[in-house]
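Please look over the sequence and the structure shown here, and then follow the paragraphs below from one part to the next.

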Amino acid sequence: MQSMVESVGEKVEKLKAGDVVIPTYVGECKACENCTSGKTNLCETYPMSLTGTMADGTSRMSVRGERLYHSFTCSTWSEYTVVNAAYVLKIDPRIALSHASFISCGYTTGFGAAWKETKVEKGSAVAVLGLGAVGLGVVEGARARGAARVIGIDKNEKRSEKAKVFGATDFINPTNYDKSISELIKDLTEGKGVDYAFECTGAPNLLNEALESTKLGKGVTVAIGAAKPTVQINFLSLLCGRGMKGSIFGGIKPQSDLPVIVDKCINKELQVGELLTHEVTLEDLNKGFELVKQQNCLKVLIKI
């Protein structure tokens, strides 16, 4: 989501009324152990919050006297909200506002996972399980890093052409075959598997398929989709040298990395505009929920 600052508190120094901003669910102080490690984007000073409240434990929103909660510190489905300045990024107003709303979460999570979190090497083979906004972001991030082969996997046949726009070289619809996804991926890679597999759906069984689809001894699986708290993993695959890691917001640091992505959007280096398939008003929000069930729907822009 993109927003405009209506007013600021007395201790806010880097923002002013009228600034175009993106609210983020991770912060960046640039000074804590994590921020300076070069290994993670999960700031210790401004951590990702799942409580639905401000840092002091309170909520600044209510409706008809009932307390409301700040989802992921952002509350982006509201016309007005109060956000800690540490979770807001001022952006270049030249960016298309629809693009700004898309890069505050889903697409950037995928793009960053390939571009920043794993830093996919030039010439790599990559598999992407799930071609929604997150998965298509992975596809484009892998392309930007110089991957030689990017295999997109989705049950929705309509995602095939869209995946090619973002940089996929191959498409697999697993419902068309009697083999497992990992077997289909190995069929395309001379039996070796891929260097990187990105699981973008959150389906527990696909984590093992992603793991099995990577190269023996050095393949890496990145879990991006939100899954159940506990997932059973094939330990033998890990024991044989394959790796697995999770990724929040694609490893993107909001203050250091997100402005780079904004510039790439302005310079038309990224295909973010291809994500937009439908628009609805906030009053027609229920219509948006119906639209996302359609096979040709990727992103619904909610106009507030």
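Is Lys30 buried or exposed? With a relative accessible area of 51%, Lys30 is exposed, where buried means under 20% relative accessible area, exposed means over 50%, and partly exposed means in between (1.4 Å probe, protein chains only). The model is a predicted one, in which local features need pLDDT of at least 70 and side-chain atom pairs count only at pLDDT 80 or more, while totals for chains, interfaces and linings use all residues. Residues are numbered from 1 along each chain as its sequence is written, and side-chain values use heavy atoms, with hydrogens and water left out.

Lys30 lies in the loop between strand E2 (20–23) and helix H1 (33–37); helices (H or I, at least four residues) and strands (E, at least two) are DSSP runs, numbered from the N terminus. Most residues other than glycine have a negative phi. Lys30, however, has a positive phi near 70°. Glu190, in the loop between H6 and E9, also has a positive phi, near 55°, and with a relative accessible area of 72% Glu190 is exposed. A further positive phi, near 50°, belongs to Lys119, which follows helix H3.

Helix H3 leads us to the interior of the model. Of the 12 residues of H3, 11 are buried, so this helix is largely enclosed by the rest of the structure. Among the buried residues of H3 are Tyr107, Phe111, Trp115 and Glu117. The buried residues of H3 pack against helix H2 (97–102), H4, helix H5 (159–166), strand E9 (196–199), strand E11 (243–246) and helix H9 (258–266).

One of these neighbours, H4, can be described in more detail. Two packed helices are described by the angle between their axes and the distance between the axes. Helix H3 (residues 106–117) and helix H4 (residues 133–144) pack at an angle of about 35°, and their axes are 6 Å apart; here the axes are lines fitted to C-alpha atoms, for helices over the stretch in contact, and angles run from 0 to 180 degrees between N-to-C directions. The contact (heavy atoms within 4.5 Å) involves residues of H3 including Gly106, Gly110 and Ala114, and residues of H4 including Ala133, Gly137 and Gly141.

Charged side chains form another part of the picture. Side chains of opposite charge can pair when their charged atoms come close. The structure holds 15 salt bridges, each being a side-chain nitrogen of Lys or Arg within 4 Å of a carboxyl oxygen of Asp or Glu. In one of them, the side chains of Glu117 and Lys245 meet at 2.9 Å, N to O. Because Glu117 lies in helix H3 and Lys245 in strand E11, this pair ties together parts that are 128 residues apart in sequence. Glu117 counts as buried at 18% relative accessibility, while Lys245, at 31%, counts as partly exposed.

In helix H4, the side chains of Arg143 and Glu140 meet in a salt bridge at 3.0 Å, N to O, and because they are three residues apart in this helix, they are separated by about one helical turn. Arg143 is partly exposed, with a relative accessible area of 35%, whereas Glu140 counts as buried at 0%. Salt bridges that share partners also join Lys16, Asp19 and Lys90 into one network. Within this group, the closest N and O atoms of Asp19 and Lys16 are 3.0 Å apart; Asp19 counts as buried at 6% relative accessibility, and Lys16 is partly exposed at 48%.

Finally, consider the surface. Phe235, Leu236, Leu238 and Leu239 form a nonpolar patch there, with about 420 Å² of accessible area together. Patches are made of residues with over 30% relative accessible area and no salt bridge, in which like charges are joined within 9 Å and nonpolar side chains (Val, Leu, Ile, Met, Phe, Trp, Tyr) within 5 Å; accessible areas come from the Shrake-Rupley method with a 1.4 Å probe, and for residues only the protein chains shown count as cover. Leu239, one of the patch residues, is found in helix H8 (residues 235–239) and counts as exposed at 59% relative accessibility.
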